[in-house]
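Hi,

Here is the model I promised to pass on. Have a look at it first, and then read on for what turned up.

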Amino acid sequence: MQALLTRLRAFLGVVLLLATPLAGAQLSIEITGAGAPRMPIAVAPFPGEGALGPGITSIVRADLERSGLFRGLEVPPLSPAPTEASTVNYAEWRSRLADALVLGSVAARPDGRYEVRFRLYDVVKQASLGGIAYTLSKEQVRATAHRIADFVYEKLTGEKGVFSTRIAYVVKRGNRFELQIADADGAGEEAALVSFEPIISPAWSPDGRKLAYVSFENKKPVVYVHSLLDGKRSVIANFRGSNSAPAWSPDGSRLAVTLSREGGSQIFLLNADGSSLRRLTSSAAIDTEPRFSGDGQWIYFTSDRGGSPQIYRMPAAGGEPQRVTFEGSYNVTPRLSPDGKTLAYITLNEGKFQVALLDLSNRQVQIITDSDRDESPSFAPNGRMILLATVIGGRGVLSAVSSDGRVKQRLSVTAGDVREPAWGPFTE
Amino acid sequence: MRLVIIATLAAAAAAAGCATTPEQQPPAGVEERAAKPAAPAAVETKPIARVDLTSKPAPGNPLKDPNNILSRRSIYYDFDKFDIKDEFRSLIEAHAKYLRESPGAKMLIQGNADERGSREYNLGLGQRRADSVKRALTLLGAKENQIESVSLGEEKPVCAEHAEDCWAKNRRADMLYSGEY
């Protein structure tokens with residue numbers, strides 16, 4: 001196990017050259033970059049999986065490959081087909097160059113549901129790393145495959161996987177704006193809201209059940225909170241003037257928003273039901289794009305109080321702001337990494353809007369994209385990847401970049417402009 | 001405002017419905033009339049009064065009269081600027097005078113920005129432009145409660161090309177009166 005982890009750590013941050021178009025997905029993901037070694041893993045087809053429609057093992061393999069840390073090996077048809085109950089012939093798998101192996105099986109249950117069992121092996125150390133059994137309906141194949149991939153990823157890397165998380169984004173198709181929710185791999189896209197007026201700034205509640213966003217359906221920006229399971233929407237901030245930039249406190253009890261009700265654009269705090277409004281900033285500048293730190297102690301925000309837009313932070317209870325970014329004349333859209341150690345933001349770098357990372361401990365700045373119209377960076381909940389919006393060939397697309405800048409993926413929708421991505425939290 | 005109109009229409013519809021309820025109609029029946037020679041009746045036609053919303057506005061509405069400065073509603077800005085340029089002074093003065101003389105008039109100012117950079121920061125830039133127009137109008141005597149200034153940021157561009165010509169058209173504040181938004 002330790003050897004496996006050590007070997008894998010050596011692969012962290014690799015770059016790969018691989019195209020993995022996902023059949024049937026509205027968003028297709030393309031991984032770009034240059035080749036480098038990844039951990040070879042064999043995911044043997046689960047006997048019985050044909051009954052489930054989309055191949056559960058092919059989804060597991062695609063998930064692992066998309067992380068940039070694994071290479072899925074071709075497994076030839078074996079007879080008898082091995083399952084999680086088989087005795088593993090480690091020498092044989094080693095000769096197929098596998099460092100890790102997933103075996104499993106699918107069985108129909110009398111109640112019409114299915115049971116998936118699987119087990120993960122360290123081939124080098126010749127040891128089982130554990131396994132799980134799930135029962136599922138045919139509609140839950142993708143969700144189950146993502147959970148298996150999360151288990152494998154966590155056992156082999158020591159970090160939680162994000163394959164079961166969801167992403168939100170806005171698609172503009174003609175004169176329609178659609179707030180879409182999809183699996184982290186871009187599959188299973190479902191519209192939570194469709195409107196003839198713009199929708200911007202979606203923000204997930206910490207429990208992943210709600211989205212706050214700004215809708216222009218009333219001819220001005222108004223902040224809503226939208227419950228994803230029942231579609232119920234509530235107006236959280238509709239004051240005189242503009243209402244925008246919602247951000248959840250880590251405990252989900254409060255929202256920071258930008259309001260112009262007292263003139264200018266200033267940051268206010270209110271309860272998640274819209275009550276108890278309190279002003280936090282007091283400047284003649286634009287103060288906007290608030291974001292809580294993970295410990296709830298700070299609010300990072302964009303302000304042009306110093307003459308150009310820069311990132312500042314202030315105590316979440318309000319108080320004197322401190323400037324955070326100093327390099328460059330345009331630094332906006334602060335987003336803290338889940339561990340709170342890194343700040344991602346958009347910087348104007350030689351005429352290009354790009355994603356920059358600021359190491360908050362040593363103040364080092366690194367630009368991690370090579371596109372030129374980047375917006376709205378959003379960390380995966382394990383901090384490993386950053387989702388962002390950019391423009392390629394005149395069209396808005398989503399892109400993902402590893403937080404060391406070395407693995408890049410592009411997600412594109414067949415028709416329409418995609419923008420405003422937000423990566424959802426871990427959910428149970 | 002819209003609610004008031006809907007309520008009025010609903011009331012009118014209800015009243016019209018009442019007038020034709022069966023209980024209030026005269027009893028039905030067939031009337032026999034003797035055929036009597038009579039003087040030929042003159043054919044009378046009454047022209048229908050036409051309301052055409054597609055052509056010129058109702059006379060007398062200065063807001064819609066293309067020859068009146070009040071029909072102009074847009075103020076344009078330089079890159080990253082929100083000060084009102086001299087060429088728009090007379091336009092602002094005309095609207096301030098109108099608001100002063102029509103205390104019941106309400107205005108919505110929508111500020112806009114070009115597409116470059118953060119959407120939320122651009123919302124702030126648009127707000128700053130809308131606020132600058134509101135401030136100028138109130139300094140010239142319009143009442144604060146007559147005017148709401150909001151921002152559409154970069155979300156409602158009138159021009160979609162990714163070039164300066166277009167961006168200049170999108171750096172704009174629009175003045176809209178009640179019923180126009």
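Predicted model: local features only at pLDDT ≥ 70, side-chain atom pairs only at ≥ 80, totals over all residues.

Thr333(A) has a phi near 60°, which is positive even though the residue is not a glycine. Thr333(A) sits in strand E23 of chain A, residues 331-336. Is Thr333(A) buried or exposed? There are 30 C-beta neighbours inside 10 Å, so Thr333(A) counts as buried. Ser376(A) is another non-glycine residue with a positive phi, here about 50°. You will find Ser376(A) in strand E27 (residues 375-379) of chain A, and with 25 C-beta neighbours inside 10 Å, Ser376(A) is classed as buried. For context, most residues other than glycine have a negative phi, and most peptide bonds are trans. On the peptide side, the bond from Ser79(A) to Pro80(A) is cis, with omega near 0°. Pro80(A) belongs to the loop that runs between strand E4 (70-73) and helix H3 (90-95) of chain A. I'd look at those spots by eye.

Now the overall picture of chain A. The chain has 4 helices and 31 strands. Its radius of gyration is 23 Å, close to the 22 Å that the globule rule gives for 428 residues, so chain A is as compact as a globular protein of that length. Along the principal axes, the C-alpha atoms of chain A fill a box of roughly 75 × 50 × 40 Å. Buried residues account for 50% of the 428 residues in chain A. If you take the contacts in chain A between residues at least 6 apart in sequence, 45% of them join residues at least 24 apart.

Chain A splits into domain 1 (2-13 + 39-157) and domain 2 (166-423). The centres of these two domains, taken over C-alpha atoms, are 36 Å apart. Where they touch, domain 1 of chain A puts in 7 residues and domain 2 of chain A puts in 9. On the domain 1 side, H2 and helix H4 (141-157) of chain A each supply at least two residues. Which element gives the most to that side? H2(A) does, with 3 residues. By class, the domain 1 side of this contact has 1 nonpolar, 3 polar and 3 charged residues.

Helix H2 covers residues 56-66 of chain A and is mostly covered, with 9 of its 11 residues buried. Among the buried ones are Arg61(A), Asp63(A) and Arg66(A), along with Ile59(A), Val60(A) and Leu64(A). Just after H2(A), Gly68(A) has a positive phi of about 85°.

Next, the partner chain. In the contact between the chains, 19 residues of chain B meet 28 residues of chain A. Helix H3 (119-139) and strand E3 (147-153) of chain B are the elements that give two or more residues to the chain B side. H3(B) gives the most there, with 9 residues. The chain B side divides into 6 nonpolar, 6 polar and 7 charged residues.

Last, a hairpin. Strand E28 (residues 385-392) of chain A and E29(A) pair in the antiparallel sense over 8 bridges, with Met385(A) partnered by Ser402(A) in E29(A). The two strands form a hairpin with 2 residues between them, and Gly393(A) in the turn has a positive phi of about 60°. E29(A) (residues 395-402) is mostly covered, with 7 of its 8 residues buried.

Cheers

Notes:
Residues numbered from 1 in each chain as written. Chains lettered and ligands numbered in written order. Rg over C-alpha atoms; globule rule 2.2 N^0.38 Å. Buried ≥ 20, exposed ≤ 12 C-beta atoms within 10 Å, placed from the backbone. Contact = placed C-beta atoms within 7 Å. Domains from an automatic or database assignment. Nonpolar A, V, L, I, M, F, W, Y, C, P; charged D, E, K, R; others polar. Pairing = 2+ DSSP bridges.
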